[in-house]
Amino acid sequence: MAGGTVQPSAGPGAQGHFAELGAPVGPTLSQAPSSSRDGTHPQRSGSPAPPSLGSTRVQVGKLNGDVVVKCNTSEQRVTWTQNGQPEPMAELVAEGQTLTIIGLDLPAAGNYSCWAGTVLLDTTYVVVSSTRKEGMNIFCQAESYDGSFHCSWTGPLSTIFRARFARSNSSWGEWVQASRRHGRFRASFVDPSFCPFAEELHPLRLQLEGLTDNSYLNFSKEFFIRDIVRPDPPRDLTVQQQGEQLHLAWAPPASWPLPKSYFALLYRLQYELPNGTQVDKYVEGAEEMQLQERARRVRISCRDPYTSPAWSPWSAWQDVDAAQQSRLRAH
């Protein structure tokens, strides 16, 4: 056969099926009844719904390749339906307990069920391996060096995604079901082997797998934790008048690791003058400073000074008390 089944990138699937999706290899399919009330095959209209990653056996085939589907039964004579229809939209060759789909394309994807009369024996969901390699816009971020991070990406809205990760020198971790919010898919992870005090020698590899009603998607991305760290905003920014100066004080993000001598932060203070001009000042290794200029309001952000990740989000603007401004103006 040309094409056959496509195994996921992480390793072989059971019995040529996409068992890596976490689906049972047995005949159970929750969407399909064992028989209909009137003794006929259940009918379905429109496109099939995408299968759940945990309830359906899925088989992946190459576009325009031939795919062999097996009926898990001891029955020797079976009939087949595609998406509940006795006349499938595909060129098929049935032989005993196997069904060959000739030249798999998107219309040929869907639920393939084998029957003994009106009794449902087995069902396999067949999808086409997608060749799409761009447009996923994968973004990963960590707020600290505790080994936890989260990733988000784009994809077809009807897709069911899951994700996992591994170090390049270790085995894959457990699959995590992705959620969708604000038009992006998201998943969170914790690397139990990560040590914030050791040099990060091997990158993380993120693997994404997704199913639509007719396609299978598989993508990966490599990165180091140190390159995706973006701290939370500094906290407890206070402004007090001390003589002719303003005394600014703050604290590092609560999520930032200790000790401070090892996990230093570079702070960026931004203050706004009475005429609206905004001025930036940088402070490293300290959590306070004196400001001699008059300022209407102040805010602060931070980043790791030894790597090149993004600055944290800004803290909320801290207004300078009007009375303090008047006293400073009088001097």
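What follows is a report on the disulfides and other cysteines of this predicted model.

**The two links**

With a cut-off of 2.5 Å between cysteine sulfur atoms, the count comes to 2 disulfides. Counting bonded cysteines along the chain, the pattern is 1-2, 3-4.

| Disulfide | S to S | Angle about the S-S bond |
|---|---|---|
| Cys71 and Cys114 | 2.0 Å | 75°, right-handed |
| Cys140 and Cys151 | 2.1 Å | 110°, right-handed |

**Cys71 and Cys114**

Let's take this pair and see where its ends sit. The disulfide joins Cys71 to Cys114, and it links distant parts of the chain, 43 residues apart. Cys71 lies in the loop between strand S2 (67-70) and strand S3 (79-82), while Cys114 belongs to strand S6 (residues 110-116). Cys71 has a relative accessibility of 5%, so it counts as buried. Cys114 is buried too, with a relative accessible area of 1%.

**Cys140 and Cys151**

Now for the other pair. A disulfide connects Cys140 with Cys151, and the two residues are 11 apart, with Cys140 in strand S8 (residues 139-141) and Cys151 in strand S9 (residues 148-153). Cys140 counts as buried because its relative accessibility is 7%, and Cys151 counts as buried at 2%.

Are Cys195 and Cys302 buried or partly exposed? Cys195 counts as partly exposed, at 37% relative accessibility. Cys302, in contrast, is buried, with a relative accessible area of 0%.

Methods. Residues are numbered from 1 along each chain as its sequence is written. This is a predicted model: local features need pLDDT of at least 70, side-chain atom pairs count only at pLDDT 80 or more; totals for chains, interfaces and linings use all residues. Side-chain values use heavy atoms; hydrogens and water are left out. Helices (H or I, at least four residues) and strands (E, at least two) are DSSP runs, numbered from the N terminus. Buried means under 20% relative accessible area, exposed over 50%, partly exposed in between (1.4 Å probe, protein chains only).
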